[in-house]
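The entries follow in the order in which I looked them up.

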Amino acid sequence: MNKIDFPANKFEQFMIDSIKGYDNKTLVYVDGQDPRTAIAAAEFVKHNSSKLVLLGNRKIIEDNLSHVGLKSANLEIIEPARSDKFDQYLEIILKGFAGRGRDITEDTAREMVSKPNYYASIMLKTGDAHGGVSGSLSSTEAMIRPLIQVIGTGNPKRYLSGAVTQIVPDCSYGLDGKFIFSDVAVIPCPDEKQMIDIVLASYQTARALYDGKPKIAMLSYSTMGSASSERIEMIRRVVDRVREIDPAIAIDGELQFDAAVVPEAARAKGGDSEVAGQANVLIFPDLDSANICIKAVNRLAKTKYYGTIIQGSPIPFNDLSRGCAPVEILTMSVITLIQVKETENN
């Protein structure tokens, strides 16, 4: 099925409005030979005229594009191993590893540049592309490794984390049923510094994707001192530190899930702030609870699901599920372009 129903809700319309007139960028697709990428690209060009680069086998990609009837002057197909820039990119990889005291052989470097994930990372590093989308065919690990090795996490050092946005139908909680969940993909058990960074990155994500105020809840099995542990004490320190860093950030915790999102539960449990009972950005204490929660909410509530948004990278490079639908590739493309715009503005 080639037809995509988009935009299908107010959030998707908000995303489209956010990139109107923002047309002079380049997005690169690691899994360019995926037929779903062609379907998504055919819809994307209706809303934005940024250049799209599809990596992979030229014949396969051309067949996919022909099947969806896509012809665009702002579209390029690149086979990494046959690229005109292969030698230039090879030198970048060799110098990059040598600069970190990790010399690699030229054969190893050639193999890396030939892989779409590494090639896309070099495009982002050099400015040949401004944002990247991966994951419909390749694994998260295959995307994260070149992101760290080639692009890095910026200066000062950031920690990579993953966030998803979900819209719960017929829900009055959050931002009209809209929530950001983080970290859902990268750090199994974040320490204090990592948790602070996850909060700050999630706030930036919310600012880019929300047309309302981000309200951040630090989730726990405890609400405002109903239990005690070293992890709970850490959460409280994180809240204090984030408030010191930016007093404008609305954050509270520790909060149980119901005290974070349900006003009545917040009042009953002593949560008295602009966040308790009103949270729309949910920060989890560990990857287990986050991953379980997002999948349970998605399946049971039949939410609209947008992610995974990779946070902490100085250049937007996002990940998809290998079971994604074409519309998810499309929405991730739009989100990536929004991130590019937000990065420039900041």
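I took secondary structure elements as DSSP runs, with helices (H or I) of at least four residues and strands (E) of at least two, numbered from the N terminus. I worked on a predicted model, in which local features need pLDDT of at least 70 and side-chain atom pairs count only at pLDDT 80 or more, while totals for chains, interfaces and linings use all residues. Residues are numbered from 1 along each chain as its sequence is written, and side-chain values use heavy atoms, with hydrogens and water left out.

**Entry 1: a loop residue**

I located Pro188 in the loop between β6 (178–182) and α8. I then looked for contacts (heavy atoms within 4.5 Å). Leaving aside residues up to four places away in sequence, Pro188 touches Asp286 and Leu287. I also noted a C-alpha separation of 9.8 Å between Pro188 and Ser289, which are 101 residues apart along the chain.

**Entry 2: pockets**

I used a 1 Å grid over the protein atoms alone, on which a pocket is an open set of points where a 1.4 Å probe fits, with protein on both sides within 12 Å along at least five of seven lines; lining residues have an atom within 4 Å of a point. Points are joined across faces, edges and corners, and a volume is the space filled by probe spheres set on them.

The largest pocket has a volume of about 610 Å³. I found 26 residues lining the largest pocket, with Lys295, Tyr305, Gly307, Ser321 and Glu328 closest to its centre. At least two lining residues come from each of α12 (287–301), β10 (304–311) and α13 (326–345). I sorted this lining into eight nonpolar, 11 polar and seven charged residues, where nonpolar covers Ala, Val, Leu, Ile, Met, Phe, Trp, Tyr, Cys and Pro, charged covers Asp, Glu, Lys and Arg, and polar covers the others, Gly among them.

The second largest pocket holds about 430 Å³. Its lining has 19 residues, and those nearest the centre are Arg158, Gln204, Gly312, Ser313 and Thr343. α8 gives the most to this lining, with five residues.

**Entry 3: cysteines**

I counted zero disulfides (pairs of cysteine sulfur atoms within 2.5 Å). Cys171 is in none, and its nearest cysteine sulfur, that of Cys293, is 12 Å away. Cys171 is buried at 18% relative accessible area, and Cys293 is buried at 16%.

Methods
Buried means under 20% relative accessible area, exposed over 50%, partly exposed in between (1.4 Å probe, protein chains only).
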